[in-house]
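Subject: Handing over the structure

Dear colleague,

I am passing a structure on to you, and I would be glad if you opened it before reading further. My notes on what was found in it follow below.

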Amino acid sequence: MSEILNYRSLFDSEFYSCFLGAAKPKSAFFRKTIAKLGCDAGNVLFLDDRTENVEAAKRAGLNAVVFLGAEGALSLQRRLASFGVIVDHYAQ
């Protein structure tokens, strides 16, 4: 995902189970991610296409929603905006 989908150019940080030593939906995955971010879990928005991962993130204190890529970019933009994350696709 980092290389093929070019996530590394889109995000400040990426968190993969192979580097964290814990996989979703285990709570350790979310604890380690929050520790690396150095912020409060309540300041993090987690999106995933699996309900069990979203529920685990919520139990860890994160804001979390299920998002399926097939819903499209506009749907993602609206979901992000509902959490105060404004994406301006013209700003690049």
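This is a predicted model: local features need pLDDT of at least 70, side-chain atom pairs count only at pLDDT 80 or more; totals for chains, interfaces and linings use all residues.

Arginine 50 forms one with glutamate 52, where the closest N and O atoms are 2.5 Å apart; arginine 50 is partly exposed, with a relative accessible area of 46%, while glutamate 52 is partly exposed at 37%. Lysine 58 forms another with glutamate 55, with 3.9 Å between the closest N and O atoms. These two residues both belong to helix α4, which covers residues 51-59, and they are three residues apart, which is about one turn of the helix. Lysine 58 has a relative accessible area of 43% and is partly exposed, and glutamate 55, with 34%, is also partly exposed.

Turning to the aromatic rings, you will find that the structure holds four aromatic pairs. One of them joins tyrosine 16 and phenylalanine 19 in an edge-to-face arrangement, with 6.4 Å from centre to centre and 70 degrees between the planes. Are the two partners buried or exposed? Tyrosine 16 is buried, with a relative accessible area of 18%, whereas phenylalanine 19 counts as exposed, at 68% relative accessibility. Another edge-to-face pair is made by phenylalanine 29 and phenylalanine 30, whose ring centres are 5.2 Å apart and whose planes are at 85 degrees. Phenylalanine 29 and phenylalanine 30 are both buried, and ring pairs link Phe29, Phe30 and Phe46 into a cluster.

Finally, a word on the cysteines. A disulfide is a covalent bond between the sulfur atoms of two cysteines, and a search of the whole structure finds zero of them. Cysteine 18 is exposed, with a relative accessible area of 62%, and cysteine 39 is partly exposed, with a relative accessible area of 30%.

Methods. Residues are numbered from 1 along each chain as its sequence is written. Side-chain values use heavy atoms; hydrogens and water are left out. A disulfide is a pair of cysteine sulfur atoms within 2.5 Å. Buried means under 20% relative accessible area, exposed over 50%, partly exposed in between (1.4 Å probe, protein chains only). Rings of Phe, Tyr and Trp (its six-membered ring) pair if their centres lie within 6.5 Å; planes under 30 degrees apart count as stacked, over 60 as edge-to-face and the rest as tilted. A salt bridge is a side-chain nitrogen of Lys or Arg within 4 Å of a carboxyl oxygen of Asp or Glu. Helices (H or I, at least four residues) and strands (E, at least two) are DSSP runs, numbered from the N terminus.
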